[in-house]
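My entries follow in the order in which I worked.

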Amino acid sequence: MKLVIHSKNIEITDAIRDYVHQKIEKAASHYQNITHEVDVHLSVARNPRINPRQAAEVTIYANGSVIRAEESSENLYASIDLVSDKIARRLRKYKERRQEKKTHAQETIEGVVQEAVVTDLIGDRTPELPEEVVRCKYFAMPPMTMAEALEHLQLVGHDFYMFHNVDTGEINVIYERNHGGYGVIQPRHTNNGHTNGKNGKTSNGEVGMPEKSFHK
């Protein structure tokens, strides 16, 4: 297992390096056969208004999946302890799901609901873009089902996950809804009649972007 430590606003001493190896390797000790690479990011916020200030983030690449956890506290060693426990739980859940897939040929998601389309997301506000792009991320996007995308969303611990829908060939976004369940953003028809997706018009005749909610 390859383990790489990155740092921001902090010097990685031998003591910190040894502690990271000890805790992370212990957390992943039962998953060596599926864990290929581990990235650890340690950082200390310079802004005194940010509290807690010392953060530890772990990203594990396992058989094409990304498993991520992040924790912060006032002590870097405590943050490492917390993130090690969290990544161990997510690794265990990931392995359990892999075993379930071996016994169940296809996983299903129940409760697909067609909801009302929101046509005006801006209202009377003036649209503004950030002055500059501060970070770009690149990642592989192999085709997958919505069920697989939902699993990836839960593993990385983000609010949303972009994926290549294997059933439609489109780029979709699955996200966690504020009121529970999950939604999917899909491409829609354009006004000139061309389409970049399989979705049609809304019930009131307007071109819209449907939202699907998933409840488990």
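**Burial and conventions.** I call a residue buried when its relative accessible area is under 20%, exposed when it is over 50%, and partly exposed in between, using a 1.4 Å probe and protein chains only. This is a predicted model, in which local features need pLDDT of at least 70 and side-chain atom pairs count only at pLDDT 80 or more, while totals for chains, interfaces and linings use all residues. Residues are numbered from 1 along each chain as its sequence is written, and side-chain values use heavy atoms, with hydrogens and water left out.

**Overall layout.** I took helices (H or I, at least four residues) and strands (E, at least two) as DSSP runs, numbered from the N terminus. On that basis I count 3 helices and 10 strands in the chain, and their order along the sequence is β-α-β-β-β-α-β-β-α-β-β-β-β. Of the 216 residues in the chain, 35% are buried.

**Helix α1.** I looked up the span of α1 and found 14 residues reaching 20 Å from the first C-alpha to the last, close to the 20 Å expected at 1.5 Å a residue, where the expected span is 1.5 Å times one less than the number of residues. Which residues of α1 are buried? I list Ile16, Tyr19, Val20, Lys23, Ile24 and Ala27. Seen down the helix axis, these buried residues fall within an arc of 110°, so they line one face of α1; the arc is that of the directions from the helix axis to the C-beta atoms. As background, an α-helix has 3.6 residues a turn, so residues three or four places apart point the same way. On the other side of α1 I find Asp14, Asp18, Gln22 and Lys26 exposed.

**Aromatic contact.** For rings I used Phe, Tyr and Trp (its six-membered ring), paired if their centres lie within 6.5 Å, with planes under 30 degrees apart counted as stacked, over 60 as edge-to-face and the rest as tilted. A search of the whole structure gave me 1 aromatic pair. Tyr19 and Tyr77 form this pair, which is edge-to-face at 4.9 Å centre to centre, with 75° between the planes. Tyr19 lies in helix α1 (residues 14–27) and Tyr77 in helix α2, so the pair ties together parts that are 58 residues apart in sequence. I note that Tyr77 is partly exposed, with a relative accessible area of 31%.

**Salt bridges.** I counted a salt bridge where a side-chain nitrogen of Lys or Arg is within 4 Å of a carboxyl oxygen of Asp or Glu, and the structure holds 4 of them. In one, the closest N and O atoms of Arg68 and Glu57 are 3.2 Å apart. Arg68 lies in strand β4 (residues 65–73) and Glu57 in strand β3 (residues 54–62), so this pair ties together parts that are 11 residues apart in sequence. Arg68 counts as buried, at 15% relative accessibility.

Arg68 also forms a salt bridge with Glu70, where the closest N and O atoms are 2.6 Å apart, and Glu70 is partly exposed at 36%. For Lys86 and Glu71 I read 2.8 Å between the closest N and O atoms of their salt bridge. Lys86 lies in helix α2 (residues 76–103) and Glu71 in strand β4, so this pair ties together parts that are 15 residues apart in sequence. Both Lys86 and Glu71 are buried. Shared partners join Glu57, Arg68 and Glu70 into one network of salt bridges.

**Helix α3.** How many residues of α3 are buried? I find 9 of the 11, so α3 is largely enclosed by the rest of the structure. Among them are Glu151, His152 and Ala149, and Ala149 has a relative accessible area of 0%. From Ala149 to Phe160 I read 9.8 Å, C-alpha to C-alpha, across 11 residues of sequence separation.

**Backbone.** Most residues other than glycine have a negative phi, and most peptide bonds are trans. Asn9 is placed in the loop between β1 (2–8) and α1, and is partly exposed at 35%. I also noted a positive phi, near 75°, at Gly157, which follows α3.
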